[in-house]
Amino acid sequence: MSAPRTLFDKLWDSHVVAEREDGEALLWIDRHFVHEGSHHAFRAVAARNAGLAEPGLTFGVADHYVPTRGRPAIADAGIAGMVTQLSDNAARHGFRLFGLDDPAQGIVHVVGPEQGLTLPGLSVVCGDSHTSTHGAFGALAFGIGASEVAHVLMTQTLWQKKPKRMRIAVHGPLGPHVTAKDLALHVIATVGANGAHGHAVEYQGEAIRALSMESRLTLCNMSIEAGARSALIAPDDTTFAYLAGRPHAPSGADLNRAIALWRTLATDEGASFDREVEIDAAAIAPTVTFGTSPEDALPITARVPDAPALADALAYMGLAPGQRLVGIPVDRVFIGSCTNGRLEDLRAAAAVLRGRRAAVPGLVSPGSTLIKQAAEAEGLHTVFLDAGLEWADSGCSMCVGMNGDLIASGQRCASTTNRNFRGRQGQGARTHLMSPAMAAAAAIAGHLADVRDYPPLER
Amino acid sequence: MDRFTTLSAPAAPLALDNVDTDQIIPARFMKRSRAEGYGPVLLHDLRFDEAGAPRPDFVLNTARHAGAKVLVAGRNFGSGSSREAAVYALWDYGIRCVIAPSFGDIFASNAVKNGLLPARVSEEDAATLQAWLNSANDTQLQVDLESCTITAGGQTIPFSIDPVRRTQLLNGWDDIDLTRERAAAIASFRTARAQAEPWAMAPPAA
Ligand code: SF4
């Protein structure tokens, strides 16, 4: 009998091509996603006069710089150049591109799962820190820098040191109106913005098993904000049901064979973790951030804390210690991103907004073009439009502002994205992170609000 | 890549926790090509006000610390976005070493791949160094990667770095050349993988 292993150990072991004496392992990469921001890596490939080792395992997605309005025209020449550069590299190296005009275009961490490219047991990398998202399938997924992107492009492998293993067990069910986003913010506030540093986190427990695939993606997406190298959830029937029929997923006998193998992707009884954290799901309320790090998160019913270490952050945010979170006025809302731009998220926001008007302007950008279509097919867009919000095309948009969708300096945004860093949504912009339903409540109220005070209206 | 062995250079204290890569280089500057140089946009929004004028009280804008080649920062430096441009910005500005109690994982990896040393010290030692840089007669630090020590005003402080990263910096190794030596192992791994999990080889869209 071999020693009991964690899910992470199994994924790691199955991708080690070679090991060095110093402990670094050369890992095989099954899926490599690139985007417009990968231009430094392509430059490194060109500098070596090299080609791609595995164009068939490389997938390009136009998301960071694409406009969300007025497509396909791109007004800014610099931004247009970024999108064109990616198409040029796709053409030169012969990899599949989900480009600006592709019906399946979207945000990389939404497109990979949606297309069935992300599968349990695979290794997935991308030059984007939120690649941890894909671990929701029980895949070994992590973000890498440009030098590493170049290495993967040229060799389809990557030298890595094995991270430590951490288990976060979430006991009991989540309460009403408490979503994966609230859970994620609660976890980050509990362990700290670098609390999971150097660790691969596996989520376990009743609350996790009950999450939909989309919610699992939200949770794993945010794990990088706790400093985790990657995040994992063991695949189960929820995972397999999601994958069935996806364009690039195995089908028929292949799928059955795959599922049999995927069922072995679970942590063995008795396997040990380097660190364990226990979370009581019942203790989690709808949560918002108040500062400039995702760890600055509290239940919406709380007040801005009084701590000397927060003085700078609160000055940037224009908040005072002791101020109630409910009632902090917002200037606009943003609903979208790879964290919360999936159909489930749009439905949750629409459920709150249906029949109501937003008191402030806002932008809703679906996580992919296919999600946009699906949302329109069920009429969600009319809910947003009737509420007075803008219904846009898919891209990273206000999550990072690279495409020009920015918050003006000093303005405050209720946002479903993942980072409330200074200037993340634009120079001087103030960001409060929250779930889509909470962002919808803030839109209606014109200030941070408790979604539990906005029950769905009768239709 | 560039090697790192020892460095004797002026340092600046950056007494902020969680200086994420969005702050090190704001997203709007990431369209630049490397040839343009990323130094002018390092820590842009902390260095310059919204009109583009230098903020006189920001440490790198003070006469005492302009031209620093070492930063002594707070916890979780370089967290957030994986953008390697954060390292380009530090490097192009002239920074060769960042000393901090902890680093974002991807940042630390990116740093080493570009020859920049991420040196980990305790919270207390970071605070001591920052205080010293604010008050001492000079701002010169000696950083020795062989012995993993920092010397400031005659006082020696140990730092830590992952041993593999240390060796990489000392040798200036290029990963790709090391990997190419493993071509045979990679090829046989690929064959076995295609056999065991054919779907891993990316079936085309159905
Ligand atoms: S939506 Fe935001 S976090 Fe997600 S890939 Fe785009 S920029 Fe990164």
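Hi everyone, let's start with the two chains: their contact, meaning heavy atoms within 4.5 Å, takes 71 residues from chain A and 60 residues from chain B. A word on ground rules: this is a predicted model, where local features need pLDDT of at least 70, side-chain atom pairs count only at pLDDT 80 or more, and totals for chains, interfaces and linings use all residues. Residues are numbered from 1 along each chain as its sequence is written, chains are lettered from A and ligands numbered from 1 in the order in which they are written, and side-chain values use heavy atoms, with hydrogens and water left out.

Back to the chains. Chain A and chain B bury about 5,300 Å² between them, and carbon and sulfur atoms give 54% of that. Buried area here is the accessible area (1.4 Å probe) that two parts lose on being put together, summed over both. The rule also finds seven salt bridges across this interface, each being a side-chain nitrogen of Lys or Arg within 4 Å of a carboxyl oxygen of Asp or Glu. Lys161(A) and Asp162(B) pair up in a salt bridge, at 2.6 Å from N to O.

The contact between them draws 40 residues from domain 1 of chain A and 41 residues from domain 2 of chain A. They bury about 3,300 Å², 55% of it from carbon and sulfur atoms. On the domain 1 side, Thr68(A), Arg69(A) and Ile107(A) supply 19% of the area buried against domain 2, more than any other three residues. Arg69(A) also makes a salt bridge to Glu390(A), with the closest N and O atoms 2.7 Å apart.

So where is the ligand? Thanks, everyone!
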